[in-house]
Structure formats: C-alpha cells, structure tokens
Amino acid sequence: MTMSANAELTPKLVKAARALLAWSQQDLAKSAGVATSTIADFERGQRTPVANNAQAIRDALETAGIRFLPTGALIGPPIPRITKPESHGAPLRWVDAEDLAVWANRLDGVASLPTLLAHLIRATHGPAVELRFPSDEGIRHPGWDGLTTAEEGGAYVPKGQAGWEIGSQREGIAQKATEDYNKRTAKPAPLNPATSTYIFVTPRHWPKKSEWTEARQTEGHWQAVQVYDADDLVHWIEQTPAVGLWLATRLGKRPPGTRELEEIWEEWSLATQWPLTDDLVLSDRDEDAAEVLRWLRGAPSVFSIQATTTDEAVAFLHATLSMLPYETAAHYRARCLVATDAAAARAIANAPAPLIIVLTEPEPGLARSLVQRGHFVLQAYDDSPVSAGEVRKLARPSREGIAAALSEAGIPEPRARALARDSARNLAVLRRLIPSAPGRVPDWAQDPPPRALVAALLAGGWDDESEFDKAKISELAGQPYEEAAAALARYVGEFDSPLRKVGKTWRVASPPDAWLLLGSYVTAADIDRFEAAAHEILGSTDPRYDMEPDDRWMASVRGIRPVYSGLLRHGVGEVLILLALWGDKIRMVPSAHRRADAIVSKLLRGADQRRWWSLSRDFRLLAEASPNAFLTAIEDSLDQNDPPIRSLFGSDEGGVFGTEHLSDLLWALESLAWSPELLARVSLVLARLDAIDSPPGRFANRPAKQPSPYISALATSNPCPSRATPSRVGSNSQTGERCGVEADARGTAASARHIRSCANAALARLHG
C-alpha cells in the first residue's frame with residue numbers, strides 16, 4: 001500500500017519508520033540514494049527535501065516493508081516478540097487484593113483501571129494483540145471499556161476479538177456485571193457476539209463469579225464469557241513485574257531500589273525551565289538509537305551505554321523507544337524496569353516473564369546472570385572511566401542539533417543558539433543552564449565549599465588504596481588527607497550529591513555540573529596547585545615502558561603499575577578540558593582558560609619516547625583540552641630525525657590478543673578532525689605519521705587505513721580531486737569515485753598532498 005498522493009511525509013513519520021526498521025539516518029540515506037544530511041536536516045525540521053528526494057525516501061521505506069496510511073499513521077514489519085525463558089520463574093507479589101480494593105476506591109484508581117489492563121496485555125502478549133482501552137476522561141464516553149484482537153490466545157486474552165467491561169463498585173458486583181452484559185449484548189458493535197468473547201473485570205473479590213459466568217455462557221449469545229476479579233488480577237500482575245512496579249508506585253508501595261523508566265524520564269526532562277525533549281536527547285545519536293533497537297530485536301543480551309550521567313543514559317533509552325509508533329513503544333515499556341542497586345536487580349532475576357532491566361549501578365557479572373535468566377539488560381554508565389568491555393559511548397550532540405531541538409521546544413532561536421554554545425555540547429551542563437526554578441542550586445553549592453570539595457573538583461577522581469593519589473588530594477586541599485576525606489564523607493549518599501564513592505574509589509558525579517557551580521570558589525593558589533599536580537601526575541613515567549614488550553601483559557601480576565591511578569589521571573585530564581572551556585568561571589584568575597594550553601604545551605614540549613608512550617591513554621583528553629598545543633607537539637616530534645613519537649608504533653605481543661598504543665593517538669586526531677579549522681592540519685599530521693609507519697603494524701587501526709570519518713563524510717559527495725581511480729578504502733557510487741587513503745606506505749610529500757587535497761575538497765563543500 002503506497003502513501004496517498006495528498007498525504008504528507010513528515011519528520012515524525014520518517015523517524016518512526018526508521019525506528020520500526022531499526023535503521024539509522026545513514027541506513028535510510030544509503031537505501032534512498034540521498035545524502036545523510038538530507039535525512040538529518042529533514043528530521044530536525046530545518047529543510048524539506050526536494051520532490052525527487054522525498055519520493056526516494058518514501059520508496060526506500062515502503063520497499064523495506066513500511067506502509068503509510070492515509071490517516072497519517074504507519075505500519076511496519078512485525079517486531080520479534082520477547083518470548084518467555086525456558087525456565088519457570090517465581091511470581092513477584094508487590095500488590096495484593098486488598099491493595100487493588102483500596103486503589104479502586106480512589107478516583108484516580110477508577111480512571112486508571114483501563115490503563116492497568118492495557119499494560120498487562122502488552123506485557124504478557126506484546127504487539128501480537130491489537131487493543132484499545134480508553135482511560136482517564138475517556139472512560140466517560142459511551143462504548144466498550146476495552147477491545148482486543150489477538151491472532152493467538154493466551155492465559156488472559158482470548159484468541160480473536162473480545163469486548164471488555166470494567167466495574168469497580170464495592171457492592172452489587174453481580175448486578176453491575178449483568179447490566180453491562182445485557183447492554184453490550186443488545187448493542188455489541190463493532191463485535192459479532194457469535195465469534196467474540198465477552199469479558200467482565202472487577203478489582204474486587206467476587207466469590208460467585210464462576211456461577212455468573214456459567215449462567216451467561218449457557219445463554220449462548222457470545223462465543224465465550226469470562227470474568228476476572230481481584231484474585232485473577234493479582235495473579236496476572238505478579239507475572240509482570242514492570243506492571244507491578246507501576247501499580248505499587250501509585251499505591252505508595254514502591255519496592256526498594258526500583259524505578260519506572262517513565263518516572264526517570266519525567267524527573268530528568270522536567271527539571272528545566274523548558275522541558276527537555278526526546279529530539280534533544282537523540283540529537284546526532286541516530287546510530288546509537290538504531291543499535292539499541294537492533295539489540296531489542298535479538299536474543300537477550302547485555303547492552304552497555306555511557307553518557308555524561310546515568311540518568312541521561314536512561315533518558316536516551318526512553319527517547320529511543322519514543323521514536324517508535326505508540327503501541328510498539330508501549331510494548332517495550334511494559335517490560336522495562338530500572339534497578340538502582342544490585343539487590344533490587346537480584347530480587348527480580350527470577351521473574352516469570354522476560355524483562356528489559358536497566359542497571360544504573362552496572363555489575364557485568366550480575367548483568368550476565370540476568371541474561372541467562374532470559375532478560376535483556378542495559379547497563380547505564382556515566383562518564384567516569386570504564387573498565388575494559390563493550391561499552392557504547394553516546395555521541396555528543398552537535399551545537400546545531402541542540403539549537404534546533406531547543407528551538408523546536410519553544411525556546412527563542414537566539415536563546416537556543418546561546419544555550420547550545422554555552423553548554424559545550426553537554427546535556428548535563430545544559431540542564432544546569434536552564435533550571436526550572438531560576439537561582440535554585442543544590443544544597444552543597446549554596447554556601448562556600450570546604451577546601452576538600454574544591455580539591456575533589458580539581459582532581460576529578462581518585463583511589464583510596466593509592467598512597468600517591470591521597471598525597472595529591474592532600475596537596476590540592478592544603479590539609480591532611482584524613483581531614484579532607486572526613487569533610488567529604490557527608491556528601492556521600494546525599495541527594496544530588498557532587499560526589500560518588502564506590503568501594504575505595506571517589507569521583508565527582510558530574511564534573512561539568514560541579515565546575516559551573518563551584519568554579520567561582522577556585523582561587524589563583526588552587527590553580528597553581530592544580531598545575532603542579534597535573535605535571536606530576538600526567539608527566540609521571542609508566543614503569544611498564546621499561547619492560548620487554550612481550551612481558552608487559554604480566555605487569556599487574558608482578559606488581560608493576562603506574563604511580564597514580566587511572567581514575568586520577570582521567571580526572572585531571574577532564575579538569576584540563578573544563579579549565580579550557582569554562583575558565584571564565586574562575587573569577588579570581590584572569591584568562592584562566594589559557595592555563596590549559598600552558599599545561600598541555602609544557603607537558604608535551606620536548607617529550608621523549610617514555611613520555612609519549614606513558615601519555616597514550618590520555619591523548620584524547622589532552623587533544624580536547626588544547627588542540628593547538630597537542631598538534632604542535634606532534635609536529636615538533638615528527639620534525640626530528642628519529643621522532644620520539646615513533647614509540648607508539650610498536651605493539652605488545654604478549655597475552656591473548658596483544659596491545660598497541662597508536663590507536664589512542666589516531667582517535668585523538670579523529671576527534672580534532674571534526675573541526676573545520678583543524679581538518680587540513682590533522683590530515684597533514686596523518687600523512688606524516690603514515691610516512692613513518694613502515695612497515696605498517698599488524699593492527700588494523702593505522703594512519704592510512706583509518707582516515708577521519710569527517711574527511712570521508714564531507715568528501716563522499718565530491719570526487720577526490722587528486723585521483724581518477726577508486727582508492728583501496730574508497731567505494732563507487734552514483735556520484736563518482738570516492739575519496740580514500742591508500743594503505744600502502746608512501747613518501748611524506750605524496751601522502752600529504754593527497755590527504756590535504758581531499759581535506760580541502762571537504763572544506764570547500766562544507767563552506768560552499
């Protein structure tokens with residue numbers, strides 16, 4: 001079925017269609033043969049595609065199974081149903097029959113009974129059942145209280161069509177049931193009683209329901225007659241923990257350590273003057289969203305995502321589901337449950353129905369255990385360092401994406417652009433810039449902070465088991481470590497706390513947020529102490545460098561490790577970025593932001609092989625803190641006859657897979673290449689690195705094989721100006737030969753000319 005000629009292809013419809021297919025914008029662009037920017041701009045509401053592109057987009061979606069209806073809705077291929085695990089679980093009774101009776105006595109309870117039934121049906125039968133249950137004000141309208149159509153029958157929803165009536169009164173249940181039955185039997189539309197089931201539901205205990213059901217069945221008007229009372233509902237609810245949580249929360253009986261997905265979204269999005277929207281959270285993250293949707297279509301597994309805060313990661317899941325048509329999204333939400341601690345997650349591990357469990361305190365072992373019991377597990381990480389494993393870091397939204405989403409949310413365009421600029425592409429900072437109550441700040445930021453909290457702000461994180469870490473905290477605080485730790489202890493566990501303590505580790509919960517609130521209390525002496533500490537911490541030599549490369553994987557076994565913890569190194573690197581971005585918050589230090597340039601420049605000036613190798617894990621932080629100082633240091637090293645930076649090109653062959661360090665440098669350069677001002681310069685550096693990568697190492701990520709995706713993305717619509725034949729990495733398409741970089745080592749001049757010409761072509765397209 002094709003879309004009617006006068007029906008409009010809207011951004012919302014295209015986004016929903018992509019979600020049903022689990023496609024990213026790139027996937028749709030490739031299928032439709034249009035530029036990704038065409039899809040992105042259309043979905044942001046910035047530009048309407050020309051007629052032929054709009055038709056190509058529509059054709060691509062319809063070919064993939066999307067049907068656009070004249071009503072403005074759409075239908076897609078059926079999504080896989082989340083099936084029950086083979087092992088039988090244990091019911092979770094969070095509400096009982098008495099709770100249901102109490103709820104039914106409340107006006108909001110009566111109005112929400114249809115919603116409860118809809119949640120239960122979605123949680124147990126999924127998208128296989130079509131349903132309609134008007135709730136709230138809708139219950140006052142004439143007609144059935146609910147209608148369902150099921151291709152297959154289940155324990156509570158019969159096969160075929162069924163009409164549902166609800167009675168909530170305490171007395172005269174039989175009378176109410178009979179009146180509703182007679183009324184619907186006389187006027188059954190749109191159902192045919194001979195082929196449909198009549199269902200009466202009451203939240204009360206009804207001992208004589210069986211006798212009433214048998215009497216109505218004997219009359220023979222309906223194919224079948226069923227009754228569910230409080231006992232049946234309680235049994236149904238305990239099979240579906242996410243629905244049980246929904247009801248228990250409304251009854252004031254929330255199980256410890258559990259929260260609803262919708263609840264976290266509302267608290268997160270409504271904490272600002274203008275409510276944050278799904279479009280804002282999804283901005284420039286369409287590939288991330290597509291990965292989440294693909295994950296939900298597969299077998300139960302662990303999926304880990306990292307955002308600035310855990311709440312943002314949870315909000316991203318909510319926003320991703322919101323891309324889908326309402327009923328499809330509701331199917332997933334009816335199985336979602338957020339566990340805020342390990343005890344809560346373990347309590348629901350043996351639930352009888354498969355769940356989508358969100359862990360805000362990730363524990364990989366626990367997550368895998370939950371998966372073995374048939375659950376999907378999403379681990380939500382904040383931006384603190386994460387140990388090795390598969391964690392997908394959400395893309396940072398662009399300024400343009402943030403500004404467009406804020407404008408769409410009703411913020412005047414000049415204000416939206418200013419907020420996008422001042423937030424530095426960080427949603428945690430954006431939320432603090434537009435609080436719902438102007439001037440409202442957390443309790444810990446209302447008075448001048450203790451010296452220990454300023455020291456924590458400047459350290460970012462540390463490990464109590466490292467004497468060297470503790471010594472640096474003591475220096476930054478200007479007091480013994482024991483006194484500093486005692487002063488910080490009161491913040492642990494506090495609502496909206498600036499600190500988190502897990503085991504022996506401390507870290508600032510949201511460094512950008514804390515910097516905006518506490519930066520004005522940082523003094524010139526604090527910055528001097530931080531600068532000295534940064535040089536000592538980041539400038540310390542990693543003792544593993546002096547080991548034989550094939551033995552380095554055994555370093556931890558032999559007790560050989562860096563002097564300072566990775567948590568402290570990462571924290572100091574993040575503070576360098578904050579200093580560069582928001583140095584103006586430090587009112588007592590003129591041009592404080594320039595101190596970041598000075599620190600990075602001094603740290604890398606004249607760096608020898610040990611220094612380059614020891615800093616490899618910190619490259620991305622240093623590059624973001626001071627791009628020019630970082631690039632200058634690389635260029636200076638490459639100017640030498642025997643470049644010290646060459647120490648990054650080797651690999652450690654010991655262990656199972658081996659390790660190499662060049663990728664850290666390439667990832668840092670890749671992040672800088674997204675800036676049009678730095679693109680050509682980064683390209684030349686890549687070419688010079690390619691020239692000394694001879695012979696190329698065995699790992700795939702090399703200077704020539706992994707050019708910046710920004711170069712590729714911008715150049716893909718332009719033939720390479722210096723090449724008439726396709727490259728080894730490039731590809732053919734209807735726009736001509738694509739630009740790429742040969743994997744073969746070649747002279748610096750030739751490689752530099754090629755990459756620079758491609759970069760200039762990309763820049764020309766960007767500005768043209």
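**Note on salt bridges in the predicted model**

1. D232 and K209 form a salt bridge, defined as a side-chain nitrogen of Lys or Arg within 4 Å of a carboxyl oxygen of Asp or Glu; the closest N and O atoms of D232 and K209 are 2.4 Å apart. This pair links distant parts of the chain, with D232 in helix α9 (residues 230–237) and K209 in helix α8 (residues 209–219), 23 residues apart. Helices here are DSSP runs of H or I, at least four residues, numbered from the N terminus. K209 is buried, at 17% relative accessible area, where buried means under 20%, exposed over 50% and partly exposed in between (1.4 Å probe, protein chains only).

2. The structure is a predicted model, in which local features need pLDDT of at least 70 and side-chain atom pairs count only at pLDDT 80 or more, while totals for chains, interfaces and linings use all residues. Residues are numbered from 1 along each chain as its sequence is written, and side-chain values use heavy atoms, with hydrogens and water left out.

3. K15 is joined to D279 by a salt bridge, with 2.7 Å between the closest N and O atoms. The two residues belong to distant parts of the chain, 264 residues apart: K15 lies in helix α1 (residues 11–21) and D279 in helix α12 (residues 278–282). K15 is buried, at 14% relative accessibility, whereas D279 is partly exposed, at 34%.

4. R294 and E287 also meet through their side chains in a salt bridge, at 3.2 Å from N to O. Shared partners join D27, E287, E291 and R294 into one network of salt bridges. R294 is partly exposed, at 28% relative accessible area, and E287 is partly exposed, at 26%.

5. By the salt-bridge rule, the count is 44.
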